[in-house]
Amino acid sequence: MGRIVKDQTDTKTLKPMKLTEDQIKKIFKKYDVNNDNQLSKEELKKAFHYLGSIIPGIRANRGLHHADANNNGVVDEGEMNELVKYAVGLGFKVKA
C-alpha cells in the first residue's frame with residue numbers, strides 16, 4: 001500500500017515497518033511548499049503520492065474529510081494530528 005524505501009545496509013534482514021506518527025507528520029510538513037502551515041488538497045495529494053498511495057487524490061480528499069474540522073478546505077497545524085492518525089491507519093511502510 002505505501003512506499004517502501006530500501007535501506008542499503010543489510011538486504012537479507014530488511015522487513016517492512018510501519019511509518020511512525022512523527023515520520024508521517026514530517027513528510028506532510030515537507031509538502032507544505034508555500035510554508036503557510038496549512039496543507040491544501042494539492043499538497044496533500046503530492047504527499048500521499050510520495051507515501052506510495054496508488055490513489056493519492058482520493059486519499060487527499062479523505063484526509064481532508066477526516067482532519068479539516070473547520071471546513072476551510074485545508075489542514076492547518078491544529079488539525080494535523082487527525083490527518084496523521086488517518087495516514088497511520090492506512091499502514092504506509094518503509095524497509096528498515
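What relative accessible area does K85 have?

Modeller: Happy to! Bear in mind that this is a predicted model, in which local features need pLDDT of at least 70, side-chain atom pairs count only at pLDDT 80 or more, and totals for chains, interfaces and linings use all residues. Residues are numbered from 1 along each chain as its sequence is written, and side-chain values use heavy atoms, with hydrogens and water left out.

K85 has a relative accessible area of 49%, so it is partly exposed. On this scale buried means under 20% relative accessible area, exposed means over 50%, and partly exposed is in between, using a 1.4 Å probe and protein chains only.

The side chain of K85 meets that of E82 in a salt bridge, at 3.4 Å from N to O. A salt bridge here is a side-chain nitrogen of Lys or Arg within 4 Å of a carboxyl oxygen of Asp or Glu. E82 is partly exposed as well, because its relative accessible area is 38%. Both E82 and K85 sit in helix α4, 3 residues apart, which is about one turn of the helix. An α-helix has 3.6 residues a turn, so residues three or four places apart point the same way.

Now for the helix itself. Helices (H or I, at least four residues) and strands (E, at least two) are DSSP runs, numbered from the N terminus. The protein chain has 4 helices and 4 strands, in the order β-α-β-α-α-β-α-β from the N terminus on. Of its 96 residues, 36% count as buried.

Helix α4 covers residues 80-90, and its buried residues are M80, L83, V84, Y86, A87 and L90. They span an arc of only 160° around the axis, which puts them on the same side of α4; the arc is that of the directions from the helix axis to the C-beta atoms. These buried residues pack against α1 (21-30), β2 (38-39), α2 (41-51), α3 (56-67) and β3 (75-76). Just after α4 comes G91, with a positive phi of about 80°.

G52 follows α2 and has a positive phi, near 105°.

Next, look at the loop just before our helix. E77 forms a salt bridge with K29, and their closest N and O atoms are 3.1 Å apart. This pair links distant parts of the chain: E77 is in the loop between β3 and α4, K29 is in helix α1, and 48 residues separate them. E77 counts as partly exposed because its relative accessible area is 38%, and K29 counts as partly exposed because its relative accessibility is 40%. Leaving out residues up to four places away in sequence, K29 touches E77 and M80, where contact means heavy atoms within 4.5 Å. M80 is one of the buried residues of α4. K29 and E43 are 14 residues apart in sequence, and their C-alpha atoms are 9.5 Å apart in space. By the salt-bridge rule, the count comes to 2.

D68 lies in the loop between α3 and β3. D68 is buried but has no salt bridge, and K41, the nearest side chain of opposite charge, is 11 Å away. Its side chain reaches the backbone nitrogen of N72 at 3.1 Å and the backbone nitrogen of G73 at 2.7 Å. Apart from residues up to four places away in sequence, D68 touches G63, G73, V74 and E79.

Over residues 19-54, the chain is 58% helix and 6% strand, with the end C-alpha atoms 17 Å apart. Across the protein chain, residues 24 or more positions apart account for 63% of the contacts with a separation of 6 or more.

How values were computed
Lys and Arg count as positive and Asp and Glu as negative; His and the chain ends are not counted. A polar contact is a pair of N or O atoms within 3.5 Å; within protein, one must be able to donate a hydrogen and the other to accept it, and residues adjacent in sequence count only if both atoms are side-chain atoms.
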